[in-house]
Amino acid sequence: MARSVESVRRVTLGVLGAVLVVVGAALLVLPGPGLLLVFAGVVLLSRAVPALDRFVAPARKQAMRAAEESVSSPWRIAGSALAGLCLIGAGLVWGLVPDLPFSGWGTGVSLILSGLVLFALLVWSYRRVHAGRR
């Protein structure tokens, strides 16, 4: 029974990881957090296929270092928050103004989601760094 549960878990992680990689690859050329989704997909795939972990470990280490650096000073936090607000604002503009190139809510929503992802990562990084300091 435990082996079948583990098999279902690995297949689920593999399928979800593959979907994230494909969507992330599409978002590399479209507006959106493509690289982030590709990385998340590869992380999930590495949990389904342990042999892939050797490729993910160096990138995970670098990502953790970048997360710590992103909240290392109030100026960096303010800059990241401003970038998130700009992404959300640009998404609203692209959704509402029909004369812009690639205008429409498809582009607008992807920009808004990018801004929200940036805020989520900023909060996560801040909590992770400050939880380690307590």
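Reply: Here is the setting, then each pair in turn.

Keep in mind that this is a predicted model. The chain has 5 helices and 0 strands. From the N terminus on, the order is α-α-α-α-α. Both pairs below should be read against that helical background.

The count comes to 2 salt bridges.

Take Glu6 and Arg9. These two residues form a salt bridge, and their closest N and O atoms are 3.1 Å apart. That is inside the 4 Å cut-off for a salt bridge. Where do Glu6 and Arg9 sit? Both belong to helix α1, which covers residues 2-29. They are 3 residues apart, so about one helical turn separates them. Are the two side chains buried or exposed? Glu6 has 34% relative accessibility and counts as partly exposed. Arg9 has 39% and also counts as partly exposed. The reason is the pair of limits: buried means under 20%, exposed means over 50%, and partly exposed lies in between.

Now take Arg128 and Glu68. They form a salt bridge as well, with the closest N and O atoms 3.1 Å apart. This pair links distant parts of the chain. Arg128 lies in helix α5, residues 105-133, and Glu68 lies in helix α3, residues 53-70. The two are 60 residues apart. Arg128 shows 36% relative accessibility, so it counts as partly exposed. Glu68 shows 40% and is partly exposed too.

So much for the pairs; next comes the charge on the chain. There are 13 positive and 5 negative charges. The mean positions of the positive and negative charges are 9 Å apart.

Then there is the surface. Of the 134 residues, 23% count as buried. The accessible surface comes to about 9000 Å². Carbon and sulfur atoms account for 73% of that area.

Overall dimensions come next. The radius of gyration is 18 Å, whereas a compact globule of 134 residues would have one near 14 Å. Along its principal axes, the C-alpha trace spans about 55 × 40 × 25 Å.

Contacts along the sequence complete the picture. Consider contacts between residues at least 6 apart in sequence: 50% of them join residues at least 24 apart. Glu6 and Arg9, by contrast, are 3 residues apart within helix α1.

Terms used. Residues are numbered from 1 along each chain as its sequence is written. This is a predicted model: local features need pLDDT of at least 70, side-chain atom pairs count only at pLDDT 80 or more; totals for chains, interfaces and linings use all residues. Side-chain values use heavy atoms; hydrogens and water are left out. Helices (H or I, at least four residues) and strands (E, at least two) are DSSP runs, numbered from the N terminus. The radius of gyration is taken over C-alpha atoms; the globule rule is 2.2 Å times the number of residues to the power 0.38. Buried means under 20% relative accessible area, exposed over 50%, partly exposed in between (1.4 Å probe, protein chains only). Contact means heavy atoms within 4.5 Å. Accessible areas come from the Shrake-Rupley method with a 1.4 Å probe; for residues, only the protein chains shown count as cover. Lys and Arg count as positive and Asp and Glu as negative; His and the chain ends are not counted. The place of a charge is taken as NZ of Lys, CZ of Arg, CG of Asp or CD of Glu. A salt bridge is a side-chain nitrogen of Lys or Arg within 4 Å of a carboxyl oxygen of Asp or Glu.
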